[in-house]
Amino acid sequence: MQKTYSRFLMNLLGVGLILFTTTYSMDYSLEDLEIFKAQKLITEEEYQVLKAELEGTSLINDEMIYSVVVNGRVRGTHLKILKKDSYDYIPLIEFLDIIRFKNYDFEKNRISMKVGKELHKIDIDWEQKVATLSDPNRKIQFNESAILREGNEIYVEIELFKEIFTNSLEIDTKKLLLKTQLTFSTPFEIDASLENRLDNEFTRENKNEIIYTNKNRLFDIGYMRFNVQGELSKSKGENFETGWTGDLEYQGNLLYGELTTSYDVKEKTLGDTYLYYPEIYKNHSLEFGSYGTVERELGLSLKKEKGYFYVGKDIVIRENVPIGSRVELLYLGFPIAVQYAENGIVEFQNSEIKNDREYTLRVYEPNGKIYTIDINTAVDFRQQNKGEIEYDFKIREDHDSKKYASEGNIYYGLTENLTLGTGYIRSVDTSNEKVDYLDLFNAEAVYSNYVFRMPYTLVLGGEKGKDQRTKEYLEAQIQIRDFKLRTEHQNFGLYYDLERVRSYTIEYNPGNGYSIDSNYYINDYYNEGTEKNYDIGVSIYKNLMRDLLVTGEYSTGNSDGDEYSINLYYTGLHYVNTRLNNRWSDNGKDFESVLTLMNKNLWDALDFSIEFSYSNRDESRFTFRFDLNYDNWLSAGMFAGKNGEQNYKLGVDKVVDLKDITRNVESMNSSRVKVIAFVDENSNNIYDSGEKLVDNVEIKIGSQTEVTGDEGEAYFFGVPNGILYDLNPKIRKPSYSLGSNKIAVRGTNTGTIEAFIPLKAMVTLSGVFIIDEKLNLSDDDIKDIYDNTIIKIKDKEGKILENTIPDESGIFYVSGLFTESYSVEITYLGDKLNIPPLIETIDLKYIEAKDNEIVLKFREKGIALLKN
């Protein structure tokens, strides 16, 4: 280990010397190089390179020796780059050896490898002159001179090497330095990741994690958001008119839930007002309140959160995020849409959102923190695991009739394969003079399994109401390699015009940049015959470059005609994401194009978006839009159309904590945190009355840092909800420690979190030995007994914490212990006495300004504990 470490230091010094001396080549001589080589500060290869530079000569075979920096770390100091016919070539096998990569097969005319944690495939065939990559899925054609073969080495021309393996590659010929960022993790990084994961697992196993969250209170005053905007606008041929908007939003604890409401100051109307209980039961949320502005309606819902829902065939991604957040919808790593949270909710409805795909929401909180939420739009048919249950229940008042419409469903996993569901729908019938209820009851069975390794799902169900309001339906789906086949059959009772509906869908998704789906529908009517429709859609997506995603869609059918789109998403600009969407509809007659530039939280204070749009359908054929939010208090925007329509906005958008309006609160979806540091005298991790409070403890939550005062308390405001923050207190008094505890907070509503930090007093165990006078020992004999006595202190798990011996007076001290139980083992190893060892359990206590003391006595029959 020591030799490896020394060799690493020598290599590092050698790299530093090369970088220094090759930059300032006039500062060293040939004699200096001889000394450097003699002292082994440089290798033989480095000596030859520097000597050649001093003498102005070239190395043989046109090879230059470079130091290699991979993914930010020095990995080697002697990679030989070949120069031939004005091209530079990297020796691939030598490079793979440098990064310690062995997972490849080297055949006669090709090399195949699996790289990174995900084992993506790279295949290079120099006979066919093609490189095939699985991520992203593409083929790279190259000419014959791009790869040279010599013995067991493969030389790859640098531009081809860069395209296959790297995100970036730089060669500094003056410093003889090659720097590259690979598209995959090296074995070094994978090993480090595994070690970190093992360390984290070990830490987790040996740490007692205490997580504090909000206590639901009957009432706790919350946050207010002030959003006031002044407007200046005009229409075509008219003068400018002034106006304004003003909205107040409130969020706070009430009735042990989260109350959210809003008020339009200008229109003097109350907005949606509701109580929200998140995660009330296994990812189910409960919400009830009064909705609407003028025609208010009461409502209640209990549902399982999935992150998305359907509106017809379209998928809408919906998530709760901190108020004031800016959220990007990412597909294949590219932002395809951006939204600002409205009252803590963000929704995306985009043509790129499709079934059975994985999306990511990247949330930029107002305080600068960034986190992601993964969304998988796989169709699950409400399938439940065995014993798992899902509820979906809602009630909504009908304003006109003052009656309540309701809907409820329950799905239960009877086995791992079979899910049973039942429910009802009660709607308000206003078709006749007498307002009445219509009731529908439903039942459903969902079965999933495999046949010849092909997954399939069957759904059988039906609903029944009065007046022959009946429906039976069957759904079936099977996956055959890259094909998904689905069909649905529905039969209706005489109440409906439809007698029977059938649909057939075939989806082909090979996963290499495109997918095809086709749908065929047959509708049979009781009195109007049969109607048949079809549609076919093709979707493509392709990474043309590392920073450019191109998507396209084409759909055609016998009812809607041809529609197609081409969209480009570019992330190569440092602070700006660029999006260009083009769509043709009505058989290509209608065209719309939108260019959007969105920044990436510039300087942690400025958010803006710029949009240009063109349409040949609307009167406003060309428009320009600009929106800006500065430091979460100043907002501005403008809109201009070619026909003269203009709109300008300027105002204030600010959130304040009504408990302390002087505090800087950046998100309404936040919590206050009250931290109390105390001495945990009995080690139960609970604050007990009378336990000492500790001042001067520094605590950090996010970007806020506070220090506990004389009462052991510190306060934090505006801590964003939904995020786990480790407190990591800095305990400035050396006599205290966190022990094996790990303290964290996670907010769920606007209530106050009380987080107790149980500090363990670092107590000292002192002991004193006495000798029974009946033994008649001399002073030298007593000293010899003490010299041959060993005291072992062990913890609850039997781990030895301290080995010590008493001094010549029979006194010993063990410091750095906590107020816990310990095992004390005392063994006499001498020959003056023939006595067995003593093993005792002691409980250490916290005693202000005193040690825990034990007294032990050597007697003829053994060692006795006199005082514990």
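Modeller: The largest nonpolar core has 53 residues, and the members that touch the most others are Val673, Ile701, Val745 and Phe858. Strand 55 (residues 752-761) gives this core its largest share, five residues. A nonpolar core here is a set of buried Ala, Val, Leu, Ile, Met, Phe, Trp, Tyr and Cys residues joined through side-chain atoms within 4.5 Å. Buried means under 20% relative accessible area, exposed means over 50%, and partly exposed lies in between, with a 1.4 Å probe and protein chains only. Helices (H or I, at least four residues) and strands (E, at least two) are DSSP runs numbered from the N terminus.

The model is predicted, so local features need pLDDT of at least 70 and side-chain atom pairs count only at pLDDT 80 or more, while totals for chains, interfaces and linings use all residues. Residues are numbered from 1 along each chain as its sequence is written, and side-chain values use heavy atoms, with hydrogens and water left out.

Setting aside residues up to four places away in sequence, Ile701 touches Val673, Phe716, Val719, Tyr725, Leu727 and Val745; contact means heavy atoms within 4.5 Å. There is also a second, separate core of 37 residues, with Val68, Ile93, Leu133 and Leu169 among them.

For the setting, the protein has seven helices and 63 strands. Of its 868 residues, 41% are buried. Among contacts between residues at least 6 apart in sequence, 47% join residues at least 24 apart.

An α-helix has 3.6 residues a turn, so residues three or four places apart point the same way.

Ser565 counts as buried, at 2% relative accessibility, whereas Ile566 is partly exposed at 42%. Apart from neighbours within four places in sequence, Ser565 is in contact with Thr551, Gly552, Glu553, Asn582, Arg583 and Trp584. With the nearby sequence left out in that way, Ile566 is in contact with Thr551, Gly552, Leu580, Asn581, Asn582 and Trp584.

Val228, Trp244, Tyr263, Val265 and Leu270 make a nonpolar patch of about 410 Å². Patches are made of residues with over 30% relative accessible area and no salt bridge, with like charges joined within 9 Å and nonpolar side chains (Val, Leu, Ile, Met, Phe, Trp, Tyr) within 5 Å. Tyr263, in strand 16 (residues 257-264), counts as partly exposed at 33% relative accessibility.

Last come the charged pairs. Side chains of opposite charge can pair when their charged atoms come close. A salt bridge here is a side-chain nitrogen of Lys or Arg within 4 Å of a carboxyl oxygen of Asp or Glu, and a search of the whole structure finds 25 of them. Glu390 forms one with Arg382, the closest N and O atoms being 3.6 Å apart. Glu390 is buried, at 4% relative accessible area, while Arg382 is partly exposed, at 25%. Arg382 also meets Asp392 in a salt bridge (3.4 Å, N to O). Asp392 lies in strand 28 (residues 389-397) and Arg382 in the loop between strand 27 (370-376) and strand 28, so this pair ties together parts 10 residues apart in sequence.

Terms used:
Areas by Shrake-Rupley, 256 points an atom, 1.4 Å probe, with all protein chains shown as cover.
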